[in-house]
Amino acid sequence: MDLLIWFAIFVFGTIIGSFLNVVILRYDTGESILSGKSACFSCAKNLSWYEMFPILSWVALRAKCGNCKSKISWQYPLVEFFTGLLFLGVHLKLNGIYFSNSPHLFLALGNLVSKCAYFYYFAVFSILIVITIYDLKHKIIPDLLVFSFAFLSLIWFVANIGFANLFQSPHFLDLFAGPILALPFFLMWLLSKGRWIGLGDAKLALGMGWFLGLIPGVSAVILGFWIGAVISLSLLFVQRLNLSGKNLTIKSEIPFAPFLILGLLAVFFFGFDVMNLGVLFSQ
Ligand SMILES: [Zn+2]
């Protein structure tokens with residue numbers, strides 16, 4: 001029975017994922033996200049019903065358009081798969097299966113607020129997936145999405161804590177977690193006049209602070225920096241080896257949002273804690 005529910009949630013996630021692919025594609029193009037049929041980019045042939053199954057259609061068609069045989073990007077099945085995986089992860093997390101149900105994240109579990117938890121986390125992870133792909137593709141984080149994330153996280157935090165407790169000691173710092181996490185990014189953006197990082201990263205950190213709380217938020221940002229540094233250095237190293245290839249210099253912008261979001265996932269699902277790293281190595 002459990003497995004059936006898990007499978008249904010995963011499939012639901014892949015369907016939302018294929019919708020997110022459309023959002024990524026049409027965002028800011030003036031095309032409506034909800035109307036219009038899905039069509040091939042090369043030959044403009046409308047997709048048939050059997051070409052619109054998440055993941056499966058891409059595999060069955062061997063990554064090619066059924067009509068003109070032009071290639072269909074890896075992005076489509078990957079977004080569908082990871083949306084399914086994250087939705088399933090949210091279900092497991094909310095029920096304390098495999099992932100521990102961190103008490104500070106779900107204080108009100110069991111009452112009305114918790115019934116909305118699925119909607120909240122599904123919405124947040126959908127937004128984060130679109131931000132990740134959009135930043136990778138266009139090196140820009142759309143304002144509407146990143147502010148929706150920050151706004152949703154703040155509302156959820158306040159709804160969980162309740163107004164009366166908001167200004168008391170353990171929660172007081174978390175109330176300011178958003179601005180506190182955003183501040184260093186904002187200063188880096190200001191001092192470098194936007195050359196080191198974009199202002200979008202500061203806006204993303206704002207939401208991360210309210211989503212995770214102050215201390216876990218700091219862990220997520222630090223982990224994001226580490227992942228970003230390792231990947232940037234590897235790219236530079238590969239480029240040095242491959243002198244004839246595409247020139248990636250230190251000035252080439254590296255989209256930073258995906259690293260921050262990886263940090264967020266590690267903290268949210270696995271409770272990664274930068275202050276506790278010593279424990280890992282002392283065992
Ligand atoms: Zn085609």
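How are α9 and α11 oriented relative to each other, roughly parallel or roughly antiparallel? The legends below refer to a predicted model, and the second view takes up this question.

**View 1. Overall make-up of the chain.** In this predicted model, the chain contains twelve helices and zero strands. Of its 283 residues, 31% count as buried, and among the contacts between residues at least 6 apart in sequence, 71% join residues at least 24 apart.

**View 2. The contact of helix α9 with helix α11.** The axes of α9 (residues 199-212) and α11 (residues 257-270) come within 10 Å and cross at roughly 10°; since angles under 35 degrees count as roughly parallel, the two helices are therefore roughly parallel to each other. On the α9 side the contact is formed by G200, D201, L204, A205, M208 and L212, which meet A257, L260, L264, V267 and F268 of α11. The residues of this contact divide into nine nonpolar, one polar and one charged.

**View 3. The two sides of helix α6.** Helix α6 (residues 143-161) has 19 residues, which at 1.5 Å a residue should span 27 Å, and this agrees with its end C-alpha atoms being 27 Å apart. Buried in α6 are L145, V146, F149, A150, S153, W156, F157, N160 and I161; these residues cover an arc of only 135° around the axis, which puts them on the same side of α6. An α-helix has 3.6 residues a turn, so residues three or four places apart point the same way. On the other side of α6, D143, L144 and I155 are exposed.

**View 4. The residue after helix α6.** G162 follows α6 and has a positive phi, near 85°.

Note on methods. Residues are numbered from 1 along each chain as its sequence is written. This is a predicted model: local features need pLDDT of at least 70, side-chain atom pairs count only at pLDDT 80 or more; totals for chains, interfaces and linings use all residues. Axes are lines fitted to C-alpha atoms, for helices over the stretch in contact, and angles run from 0 to 180 degrees between N-to-C directions. Helices (H or I, at least four residues) and strands (E, at least two) are DSSP runs, numbered from the N terminus. Angles under 35 degrees count as roughly parallel, over 145 as roughly antiparallel, 65 to 115 as roughly perpendicular and the rest as oblique. Two residues are in contact if their C-beta atoms, placed from the backbone, lie within 7 Å. Ala, Val, Leu, Ile, Met, Phe, Trp, Tyr, Cys and Pro count as nonpolar, Asp, Glu, Lys and Arg as charged, and the others, Gly among them, as polar. A residue is buried if 20 or more other C-beta atoms lie within 10 Å of its own, exposed if 12 or fewer, and partly exposed in between; C-beta atoms are placed from the backbone. The expected span of a helix is 1.5 Å times one less than its number of residues. The arc is that of the directions from the helix axis to the C-beta atoms.
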